[in-house]
Amino acid sequence: MAAAAKNIRVPLGRTLATPGVLEVTTPTERNIAFNRHARGDWGDVSEADWRANDWALQAGERLLSVYQTLGGIKFWIITEADRSATTILLPSEY
């Protein structure tokens, strides 16, 4: 097993991206964010939301991470409770 695969905490399922996030992020930014999310690095969430995500990871609930582009544009990554899909999107597209 590759070293990176050992660090995966969140199975992403099918990965999806909305048109808005595709316009404001680069493929590299998206890949970095997906990798952080998969490792359980929830990004720019509050401490309470970080704990809620850690609980949701164990309980099989939906997960939400928040990141920013290099230009400072906020975007989200949401993994569904059943881990069938993970979507990267702008908050305005929710």
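Q: What should I know about the model before I start?
A: This is a predicted model, in which local features need pLDDT of at least 70 and side-chain atom pairs count only at pLDDT 80 or more, while totals for chains, interfaces and linings use all residues. Residues are numbered from 1 along each chain as its sequence is written, and side-chain values use heavy atoms, with hydrogens and water left out.

Q: Is strand β4 mostly covered or mostly open?
A: A residue is buried under 20% relative accessible area, exposed over 50%, and partly exposed in between (1.4 Å probe, protein chains only). Strand β4 (residues 85-89) is mostly covered, with 5 of its 5 residues buried. A85, T87 and L89 point one way from the strand, while T86 and I88 point the other way.

Q: Which residue in the turn between β3 and β4 has a positive phi?
A: That is R83: β3 and β4 form a hairpin with 5 residues between them, and R83 in the turn has a phi of about 60 degrees. The value is positive in a residue other than glycine. R83 counts as buried because its relative accessibility is 13%.

Q: How do β2 and β3 pair?
A: β2 and β3 are antiparallel, with 6 bridges between them. Y67 stands opposite F75 in β3. This hairpin also has 5 residues between its strands, and G72 takes a positive phi near 90 degrees.

Q: How do I read a helix, and which residues of α4 are buried?
A: Start with length: the expected span of a helix is 1.5 Å times one less than its number of residues. Helix α4 (residues 47-59) has 13 residues and reaches 18 Å from its first C-alpha to its last, close to the 18 Å expected. Its buried residues are N53, A56 and L57. Seen down the axis of α4, these fall within an arc of 105 degrees, so they line one face of the helix; the arc is that of the directions from the helix axis to the C-beta atoms. E47, W55 and Q58 are exposed on the other side of α4.

Q: Which residues of α3 are buried?
A: They are E29, R30, A33, F34, H37 and A38. Seen down the axis of α3, they fall within an arc of 165 degrees, so they line one face of the helix. F34 counts as buried because its relative accessibility is 13%.

Q: How is a pocket found, and which residues line the largest pocket?
A: Rolling a probe the size of a water molecule over the atoms shows where empty space is left. On a 1 Å grid over the protein atoms alone, where a 1.4 Å probe fits, a pocket is an open set of points with protein on both sides within 12 Å along at least five of seven lines, and lining residues have an atom within 4 Å of a point. The largest pocket is lined by E29, I32, A33, R36, G43, D44, V66, Y67, Q68, T69, L70 and F75. α3 (27-38) and β2 (63-68) are the elements that give two or more residues to this lining, and α3 gives the largest share, 4 residues.

Q: How much space lies in the largest pocket?
A: About 170 Å³, where a volume is the space filled by probe spheres set on the grid points, which are joined across faces, edges and corners.

Conventions
Two strands pair if DSSP finds at least two bridges between them.
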